[in-house]
Amino acid sequence: MENATPVRQWRVPASLPAAKLAGAVLLVALGLLFADGDPVRLALAALVAAGLVGWAVRDLVAPIRLAVDGSGLTVAHGFAGHRQLPWPAVEAITVDRRPRLGLTTEVLEIDAGESLHLFGRYDLGTSPEEVAATLRAARPGTAS
């Protein structure tokens, strides 16, 4: 079986957790600079910064969001876990496109019956359309 070695993996770009950590440092600095002795402002800045740090830690601990091999897909699940989806459980692989504020966003949707897994460009490090094409080609029983 091909379970041990994924054929292909998609991960969070390395620059993303760095940007989140830099944003957290910037928020704390701005909180210190503009708090003017107000503990609520400083606490709010620290709380939001802690959220950014937690989000960055997830990217560092579990950077691989999606992998495909001969037996199916491995998707990110929970904070830092992964879940195996065998090919028979995967009902559909689609890309949802929506215009927002003059930009079009794309989200890869993997429908596994009881669960729906969504991945954006920053989860995959590339275009969701490219990933969907790769997944469809890797799926057994489909024409390559």
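**Notebook: a helix pair and a nonpolar core**

I started at Val40, which sits in helix H2, residues 39-61. I am working with a predicted model. Is Val40 buried or exposed? I found a relative accessible area of 59%. Exposed means over 50%, so Val40 counts as exposed. I also checked Val40 against Gly120, 80 residues apart along the chain. Their C-alpha atoms are separated by 34 Å.

**Helices H1 and H2**

Next I looked up how H2 lies against helix H1, residues 15-34. Two packed helices are described by the angle and the distance between their axes. Here the axes come within 8 Å and cross at roughly 170°. Angles over 145 degrees count as roughly antiparallel, so H1 and H2 are roughly antiparallel to each other. I listed the residues that make the contact. From H1 they include Leu16, Leu27 and Phe34. From H2 they include Leu42, Trp55 and Leu60. I then sorted the contact by class: 17 nonpolar, two polar and three charged residues.

**The core**

Which residues have the most contacts inside the largest nonpolar core? I noted Leu66, Leu73, Leu108, Ile110 and Leu135, in a core of 18 residues. Strands S2, S3, S5 and S6 and helix H4 each supply at least two residues of this core. H4 (128-138) gives the largest share, three residues. In soluble globular proteins, nonpolar side chains tend to be buried together.

Last, I followed Leu66. I left aside its neighbours within four places in sequence. Among its contacts are Leu73, Leu108, Ile110 and Leu135. Arg8, Gln9 and Trp10 also touch Leu66.

Key
Residues are numbered from 1 along each chain as its sequence is written. This is a predicted model: local features need pLDDT of at least 70, side-chain atom pairs count only at pLDDT 80 or more; totals for chains, interfaces and linings use all residues. Side-chain values use heavy atoms; hydrogens and water are left out. Helices (H or I, at least four residues) and strands (E, at least two) are DSSP runs, numbered from the N terminus. Buried means under 20% relative accessible area, exposed over 50%, partly exposed in between (1.4 Å probe, protein chains only). Axes are lines fitted to C-alpha atoms, for helices over the stretch in contact, and angles run from 0 to 180 degrees between N-to-C directions. Angles under 35 degrees count as roughly parallel, over 145 as roughly antiparallel, 65 to 115 as roughly perpendicular and the rest as oblique. Contact means heavy atoms within 4.5 Å. Ala, Val, Leu, Ile, Met, Phe, Trp, Tyr, Cys and Pro count as nonpolar, Asp, Glu, Lys and Arg as charged, and the others, Gly among them, as polar. A nonpolar core is a set of buried Ala, Val, Leu, Ile, Met, Phe, Trp, Tyr and Cys residues joined through side-chain atoms within 4.5 Å.
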